[in-house]
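Hi,

Here is the structure I promised to pass on. My notes on the contacts between its parts follow below; have a look when you get a minute.

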Protein chains: 2
Amino acid sequence: MTLAPAHVAGVGMIRFGKYPAEVTLERMAVGAAREALGDAGAPLAAVDGLYVGHVFGGPVAGQRIAAQLGLDGSPVSNHENYCASGATAIREAWVALAAGLHDVILVIGVEKMTDRVSGGVRPDPGDLDAAVGYVMAAGHALSARRYMADHGATREQIAAVAVKNHAHSVHNPYAQYQKPISLDEVLGARPIAEPLGLLDCSPISDGAAAVVLCSPAGLRRLGIGGPVPRVLGVGLVSGSVLTGTGNLNAEDVSRRAGEEAWKLSGVAPDEIDLVEMHDCFTIAEIVRMEGLGLVPHGQGAAWTADGHTALGGRLPVNPSGGLLSRGHPVGATGAAQVVELTWQLRGVAGGRQVDGARTGLAYCKGGTVNGTDGGSVTTVVMAR
Amino acid sequence: MTLAPAHVAGVGMIRFGKYPAEVTLERMAVGAAREALGDAGAPLAAVDGLYVGHVFGGPVAGQRIAAQLGLDGSPVSNHENYCASGATAIREAWVALAAGLHDVILVIGVEKMTDRVSGGVRPDPGDLDAAVGYVMAAGHALSARRYMADHGATREQIAAVAVKNHAHSVHNPYAQYQKPISLDEVLGARPIAEPLGLLDCSPISDGAAAVVLCSPAGLRRLGIGGPVPRVLGVGLVSGSVLTGTGNLNAEDVSRRAGEEAWKLSGVAPDEIDLVEMHDCFTIAEIVRMEGLGLVPHGQGAAWTADGHTALGGRLPVNPSGGLLSRGHPVGATGAAQVVELTWQLRGVAGGRQVDGARTGLAYCKGGTVNGTDGGSVTTVVMAR
């Protein structure tokens, strides 16, 4: 079953990175929102509702943003699905447009992390997996070891994900990191959870991204005549290690998220031209692409090392730089992926443009689907 | 513009109150959910998605609940609008049913407060209103003083809200408090922010409430033939003192929330048979009822003292006991209001039944709409 698509009238973001305390969550969100509204040519009065995705912003963060933006009075809602929060806000907005509730919706994903997180994001006190040492980095390290053992993949092939994504974001002025890194740098970085080192891990980041989504009536309200990129559908599935086979790399949750994506969008997997993938760790990009069925099982590491997922390759993954190099302000990531896909589908992505991109998939994962607590995966399918 | 109604197939809640630490947020939510699923005759496999409203549960609380409930794998999303979080989850579910995304949705509102809040809920560190002493109780105390000055209302008339709501919940086995209180007890209670005392304030509570919402196809899936209570529409507006006239009791946000309610539901204000009102403080029930236009401006206090808003009166308000006496586990409140309206519309509310109730309104407010930060108001209109 498919719903009506959401039309992307405008997008905007601020450069991801580390901002001082006086650059508040609200200020970042307002900055991204103004970019998106300007891109859409949308006055504030044209906006029917504000959907905000964030994790650590505290109660009614969206309402604080609305007040500073000048949208006070509008319907405002806050959506949280950990690192999939921005994508979940996009999903709820897509549903609200399809239902006919609104015609012009502003979606903002935002997170201010650097003034509250030191080192990595700490697990919740009640997380029993974490209490026995199974923190996020450890889970992905186990995944990497298992992948290497099962498929004869090498450490170097896994590290190639970081090299590729950093090479991509050299061309992304909104990325936290904009310089290339070498394979030796990845291999020689400080160990975090072996075999993974610091450059296999996405950074702690601040940032905001915003998208103006419209129904056809909303496009007319904004005076937009020509075709614009569309969100065809947004899948959402949850899972934990208990819902799968127990094999960390079976990626049952990714398989089901992919099935949702193809069903909701009407797009077949072999029609996808590029992917914005939740590469919170290098190995995660590999196993998730395989779980989706977009890369042959067990070949993801070799594909990466062979350049098949790089710009110019068979299926470019993370032309933006991904979480590893664009940065990962958790609530903002899902919205930033849609911003990137929009630029790619418009053909305005400059040095990181995927030639002739007609369709794209954005994938987010929030929570610990490899633990027993559970998490969610979102899949956004877009077309120009 | 109206959307298709959501049909209430089943409801459930646990008694609100103070639970020990081992009664976790997840356990409370699962308890309420099982009640609602049992009431609907719905097996877990019939549920298409889980929408969870909470404020303090931490990231992916809904996914943790899903894993413990046996709904792991389903689409799960978390919705936060402070004290309107449960109602916001109801709203998003209503929209998803209207869009045709799902046919059977489980909505849970839940909060575990007593093991993390001592005294009252503390303001956020960045709340500049609170930093100068304008905390929530102070705002409502100012509202009460202004109301008394403007309308010649007495302290006793305002206190009558607490006496009435506690009298109602003597008949509510799910209420935190189930014994009557006297006017003298309210007047003699420990001062919190004069003229308001302890019994003018809603308590810190733990609790969970759940609702199974269906499309017509969903009702058929569950084998439900006869008519069931319906959610006709859910309004959502935001505001701050800056969006109104600057008069604390003008309740511009309530006026706009009411207009949304009538527009989305097609029900006229004079057709409402009972109200579940967000009486976080006694005075709040009075000014919000007036803001909605359901009680004549300036007469709410006298109406209360004269019994017009009591069971058997012209327009019963809070037959459940409201936040003051049923309790106020913040994320659960909006869902609990819909549970109460469902019981009332089914005619099964026992000693607190509103005779012949055909329609009802539930109102929640989240965040500080009387401050500069902003908050939201939800309005749920139901009919049998």
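A:N78 sits opposite B:E80, a residue of β3(B). That pairing belongs to an antiparallel arrangement in which 3 bridges join β3(A) to strand β3 (residues 76-80) of chain B. Strands here are DSSP runs (E, at least two residues) and helices likewise (H or I, at least four), numbered from the N terminus; two strands pair if DSSP finds at least two bridges between them.

Before you go further: this is a predicted model, so local features need pLDDT of at least 70 and side-chain atom pairs count only at pLDDT 80 or more, while totals for chains, interfaces and linings use all residues. Residues are numbered from 1 along each chain as its sequence is written, chains are lettered from A and ligands numbered from 1 in the order in which they are written, and side-chain values use heavy atoms, with hydrogens and water left out.

Now the chain interface. Chain A and chain B each put 51 residues into the contact (heavy atoms within 4.5 Å). Together they bury about 3500 Å², with 54% of that on carbon and sulfur atoms (accessible area, 1.4 Å probe, that two parts lose on being put together, summed over both). On chain A's side, A:P59, A:D72 and A:L101 supply 16% of the area buried against chain B, more than any other three residues. There are 0 salt bridges between the chains (side-chain nitrogen of Lys or Arg within 4 Å of a carboxyl oxygen of Asp or Glu). Polar contacts do turn up: 25 residue pairs, both at pLDDT 80 or more (N or O atoms within 3.5 Å, one able to donate a hydrogen and the other to accept it, with residues adjacent in sequence counting only if both atoms are side-chain atoms). α3(A) gives the largest share of chain A's side, 8 residues.

Within chain A, there are two domains to look at: domain 1 (6-114 + 205-228) and domain 2 (128-202 + 232-383), with bounds from an automatic or database domain assignment. Their centres, over C-alpha atoms, are 24 Å apart. They bury about 2800 Å² between them, 67% of it on carbon and sulfur atoms. In domain 1, A:M13, A:F16 and A:C83 lose the most area to domain 2, together 24% of what that side buries. The count here is 1 salt bridge: A:R346 with A:D39, closest N and O atoms 2.9 Å apart. α3(A) also gives the most to domain 1's side, with 7 residues.

Cheers
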